[in-house]
Amino acid sequence: MDFLLVLGAYLIGSLVFGIIAGRLRGIDLAKRDMPGASGAFRQLGAIWGFSVALADIAKGVGVGYLTHFASSPWTPVLMGAALVAGHLWPIYFRFRGGGGIAPTVGFFLWLHPGLTTLGIAIGLAVAGIYWQLYWRKHRRGWYPIPVGAVVGYIFGLVVLWNQPSFWALLAISVLVAVRGLRMVRSG
């Protein structure tokens with residue numbers, strides 16, 4: 001049963017709603033931009049961007065819910081990693097996916113709603129400060145949302161240090177970092 005939960009998490013993660021939204025609008029988002037919420041926001045507009053973010057967060061919440069059916073304490077760790085791996089490298093879309101922030105948020109909103117909300121607030125505050133003090137003037141380097149997300153991930157790792165879900169966030173953080181470094185090198 002646990003194997004099916006992990007496989008299911010990957011397949012759910014592979015539903016990259018930015019790509020789906022782009023196809024609904026006749027655009028191959030994966031060729032034009034990052035096919036997650038931020039790319040949908042830039043290429044399709046604010047309503048599509050927020051809709052994609054909510055859908056990607058919802059799939060994370062769904063997989064978070066499914067962790068209750070796991071029989072091994074390590075299965076939720078693998079499910080979180082599989083969810084985000086599916087979003088980063090989706091089987092349905094030639095392994096070209098989004099950045100992984102929204103499904104991570106959804107997964108941890110289910111598991112730790114208060115801490116995740118606080119992490120989101122801290123990350124968005126840092127992104128806003130970075131945008132105000134640097135990005136708005138220079139328009140180079142990392143985009144503000146990934147900068148805030150890095151802070152949010154670090155916050156999560158610190159506050160979850162002695163909880164089982166620390167290992168899920170650590171695995172997810174490594175996957176997102178690998179994807180981010182590949183993007184920086186190729187772009």
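A helix here is a DSSP run of H or I with at least four residues, and helices are numbered from the N terminus. I need this to say where a residue sits between helices.

**Entry 1: the loop between α6 and α7**

I note at the start that the model is predicted. I looked up phenylalanine 95 and found it in the loop between α6 and α7. Its phi is positive, about 60 degrees, although phenylalanine 95 is not a glycine. I wrote down the background: most residues other than glycine have a negative phi. Arginine 94 is placed in the loop between α6 and α7. The phi of arginine 94 is positive too, at about 55 degrees, and arginine 94 is not a glycine either.

Is phenylalanine 95 buried, partly exposed or exposed? Phenylalanine 95 has a relative accessible area of 48%, so I put it down as partly exposed. Arginine 94 has 54%, and I put it down as exposed. The cut-off for exposed is over 50%.

**Entry 2: a nonpolar surface patch**

I looked up which residues make up the nonpolar patch on the surface. They are Phe3, Leu4, Leu7, Leu11, Leu15, Ile91, Tyr92 and Phe95. Together they have about 770 Å² of accessible area. I then checked one member, leucine 11, which is in helix α1, residues 2–13. Leucine 11 is partly exposed, with a relative accessible area of 30%.

**Entry 3: salt bridges**

How many salt bridges does the structure hold? I found four. The general idea I noted is that side chains of opposite charge can pair when their charged atoms come close.

One of the bridges joins lysine 31 and aspartate 28, with the closest N and O atoms 4.0 Å apart. Lysine 31 is exposed because its relative accessible area is 60%. Aspartate 28 is at 27%, so it counts as partly exposed.

Aspartate 28 also forms a salt bridge with arginine 94, and here the closest N and O atoms are 3.9 Å apart.

Aspartate 33 forms a salt bridge with arginine 42, and the closest N and O atoms are 2.7 Å apart. Aspartate 33 is buried at 18% relative accessible area. Arginine 42 is partly exposed at 36%. I also looked for shared partners and found Asp28, Lys31 and Arg94 joined into one network.

**Entry 4: helices α1 and α5**

I noted that two packed helices are described by the angle between their axes and the distance between the axes. The axes of α1 and helix α5 (residues 46–66) come within 10 Å and cross at roughly 175 degrees. Angles over 145 degrees count as roughly antiparallel, and α1 and α5 are therefore roughly antiparallel to each other.

Which residues meet where α1 and α5 are in contact? From α1 I listed Leu5, Ala9, Ile12 and Gly13. From α5 I listed Lys59, Val63 and Leu66.

**Entry 5: proline 144**

Proline 144 is in helix α9, residues 144–159. Its relative accessible area is 12%, so I recorded proline 144 as buried. I also checked proline 144 against leucine 54: they are 90 residues apart in sequence and 19 Å apart in space, C-alpha to C-alpha.

Note on methods. Residues numbered from 1 in each chain as written. Predicted model: local features only at pLDDT ≥ 70, side-chain atom pairs only at ≥ 80, totals over all residues. Heavy atoms only, no water. Patch = residues over 30% accessible without salt bridge, like charges linked within 9 Å, V, L, I, M, F, W, Y side chains within 5 Å. Areas by Shrake-Rupley, 256 points an atom, 1.4 Å probe, with all protein chains shown as cover. Salt bridge = Lys/Arg side-chain N within 4 Å of Asp/Glu carboxyl O. Helix = DSSP H or I, 4+ residues; strand = E, 2+ residues; numbered from the N terminus. Buried < 20%, exposed > 50% of the residue type's maximum accessible area, 1.4 Å probe, protein only. Axes fitted to C-alpha atoms, helices over the stretch in contact; angles between N-to-C directions. Parallel < 35°, antiparallel > 145°, perpendicular 65-115°, else oblique. Contact = heavy atoms within 4.5 Å.
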